[in-house]
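Here's a quick briefing to read with the model open in your viewer.

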Amino acid sequence: MENKHTFGELYRYPERSAWAAITARPHLDVSQLAATVNSVLADVKAHGDEAVKRYEEQFDHVRLDALDVTADEMAEAELLVDCTLKAALEKAAHNIVAFHESQRFVTRRVETCPGVTCWQKSVPIERVGLYIPGGTAPLFSTVLMLAIPARIAGCREIVLCTPPGRDGRVHPAILVAARIAGVSRIFKAGGVQAIGAMAYGTESVPKVYKIFGPGNQYVMAAKQQVSLHDVAIDMPAGPSEVCVIADGESDAAFVAADLLSQAEHGADSQVVLLVTSETKLIEVFEQLSVQLSQLPRQEIAVKALANSKFVLVHDTDEAMEISNAYAPEHLILATADYERLADKVINAGSVFLGKYACESAGDYASGTNHTLPTHGYAMTYNGVNLDSYHRKVTFQHLTRQGVESIGDAVVAMASNEQLEAHANAMRVRQNDIKG
């Protein structure tokens with residue numbers, strides 16, 4: 001049985017046939033965006049800086065003389081950001097460095113058979129582009145999440161684009177975070193025009209090889225468009241989301257706070273609660289009402305909650321099954337048996353264990369990366385990590401013994417695929433060894 005509730009859809013002990021409806025996301029129709037996105041991208045490709053400045057005036061309502069952020073602007077930002085925020089940024093950066101340093105690739109040489117040695121070498125992408133949204137919530141935390149692993153990976157150049165305010169300046173916290181994280185160059189450009197500038201290169205903005213970062217529907221559509229022909233991207237993405245699994249012992253105030261912390265991201269965000277206790281569900285609804293009334297971004301959160309699902313389930317195992325079918329960006333296991341459930345996680349971007357692990361911890365300062373797959377892509381993609389900034393180059397070395405080990409197999413397989421030149425490349429070596 002299901003019905004509308006003040007906060008979204010409510011399901012009581014749904015049959016498995018209802019799971020598809022529970023795990024469905026709000027439909028994103030980007031067809032209306034396509035013409036605009038393609039037009040702006042083509043213009044930026046053809047006209048470079050001039051087009052970017054024109055769109056900055058049209059969309060961000062600012063007339064720019066230059067796109068570069070200057071050394072003077074960087075110095076000014078240091079004075080404008082208070083010590084408390086700087087200390088928080090430094091602490092978060094320390095933890096992000098510690099976690100991502102642990103992901104370094106170790107080359108191992110493997111002798112697959114006598115005389116045949118294979119290995120991989122991890123090579124950083126030389127130039128990466130980071131997109132950082134501005135607007136109502138400048139995401140300086142995302143600067144740390146994207147630039148720090150790029151720096152650890154050894155990317156030679158880290159380019160950042162972010163929209164300026166109407167005064168023509170970038171939010172000072174974004175600039176301070178960029179300095180802490182090791183960004184090479186920063187440009188005042190937002191939206192589709194920023195993605196185009198990094199994908200194609202302009203007189204000011206260098207062409208990058210891979211673009212990272214979140215954004216609105218226009219930015220996401222632009223990233224997907226340029227990824228078809230011109231540049232790699234971190235991952236496809238939709239609106240942000242969280243799934244919380246709770247039981248009778250969960251703290252209702254904590255659960256409600258976690259749901260609202262996601263709901264305030266944007267009107268198109270989605271929250272899902274899977275709970276084993278009807279009493280606890282009622283307590284969560286009560287807490288949502290109380291906490292919602294105190295939120296500055298209450299209007300946004302209310303709209304997001306309208307997309308939400310509240311599901312009463314028989315037990316935490318059933319909840320875990322539904323969660324894996326949903327593949328949430330963020331999964332919070334707020335149950336007494338969170339350690340057992342953790343072993344059952346198959347599809348999720350980032351998982352938060354126990355009553356004290358709020359999503360905000362991972363969003364800012366635990367050290368894990370908050371750039372994660374959404375919209376069900378957690379079934380096939382992982383979040384940003386050190387590997388996101390590397391390519392693996394494979395090597396193999398054959399001795400005479402190696403030719404003797406695999407030569408006949410190579411010739412037989414190549415001949416049967418009717419690729420005689422392939423067979424011959426090995427055969428001439430076999431003949432050389434035989435003398």
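Helices here are DSSP runs of H or I with at least four residues, numbered from the N terminus. By that count, tyrosine 55 and phenylalanine 59 both sit in helix α2 (residues 31-59), four residues apart, and that puts about one helical turn between them. One thing to keep in mind throughout: this is a predicted model.

**Aromatic pairs**

- Searching the whole structure turns up seven aromatic pairs.
- One of them is tyrosine 55 with phenylalanine 59, a stacked pair at 5.7 Å centre to centre with 5° between the planes.
- Buried or exposed: which is tyrosine 55? Tyrosine 55 is buried, because its relative accessibility of 8% is under the 20% cut-off.
- Phenylalanine 59 has a relative accessible area of 38%, so this residue goes down as partly exposed.
- Phenylalanine 254 and tyrosine 356 make a tilted pair, with ring centres 6.2 Å apart and planes at 55°.
- That pair ties together parts 102 residues apart in sequence, because phenylalanine 254 belongs to helix α9 (residues 252-263) while tyrosine 356 is in the loop between β14 (350-353) and α14 (359-364).
- Phenylalanine 254 is partly exposed at 32% relative accessible area, whereas tyrosine 356 counts as exposed at 68%.
- Phe7, Phe285 and Phe310 come together as one aromatic cluster.

**Charges over rings**

- Arginine 109 puts its charged end over the ring of tryptophan 119, 3.7 Å from the ring centre.
- Lysine 392 does this with phenylalanine 105: its charged end sits over the ring, 5.0 Å from the centre.

**The three-stranded sheet**

- β3, β4 and β15 make an open, antiparallel sheet in the order β3-β4-β15.
- β3 and β4 (residues 116-124) run antiparallel and are joined by three bridges.
- Across that pairing, cysteine 113 stands opposite valine 116 of β4.
- Helix α15 (residues 400-416) lies across β3, β4 and β15, and runs at about 95° to β15.

**The five-stranded sheet and β6**

- Another open sheet has five strands in the order β7-β6-β5-β8-β9, paired in parallel.
- Its edge strands are β7 and β9 (232-233), each pairing on one side only.
- Strand β5 (residues 127-131) runs parallel to β6, with five bridges joining the two.
- Valine 128 stands opposite isoleucine 158 in β6, and leucine 130 is opposite leucine 160.
- With strand β7 (residues 185-188), β6 pairs in the parallel sense over four bridges; here threonine 162 has lysine 188 in β7 as its bridge partner.

**A covered helix**

- Helix α12 (residues 316-326) is mostly covered, with eight of its eleven residues buried.
- The buried ones are Thr316, Glu318, Ala319, Met320, Ile322, Ser323, Asn324 and Tyr326.
- What covers these buried residues includes α1 (19-22), β10 (241-246), β11 (270-275), β13 (330-333) and α13 (338-342).

**Cysteines**

- How many disulfides are there? The count comes to zero.
- Cysteine 155 shows why: its sulfur is 16 Å from the closest cysteine sulfur, in cysteine 161, too far for a bond.
- Cysteine 155 is also buried, at 9% relative accessible area.
- Cysteine 83, in contrast, is exposed, with a relative accessible area of 66%.

Terms used:
Residues are numbered from 1 along each chain as its sequence is written. This is a predicted model: local features need pLDDT of at least 70, side-chain atom pairs count only at pLDDT 80 or more; totals for chains, interfaces and linings use all residues. Side-chain values use heavy atoms; hydrogens and water are left out. Two strands pair if DSSP finds at least two bridges between them. Contact means heavy atoms within 4.5 Å. Axes are lines fitted to C-alpha atoms, for helices over the stretch in contact, and angles run from 0 to 180 degrees between N-to-C directions. Rings of Phe, Tyr and Trp (its six-membered ring) pair if their centres lie within 6.5 Å; planes under 30 degrees apart count as stacked, over 60 as edge-to-face and the rest as tilted. Buried means under 20% relative accessible area, exposed over 50%, partly exposed in between (1.4 Å probe, protein chains only). A charge sits over a ring if NZ of Lys or CZ of Arg is within 6 Å of the ring centre and within 35 degrees of the ring normal. A disulfide is a pair of cysteine sulfur atoms within 2.5 Å.
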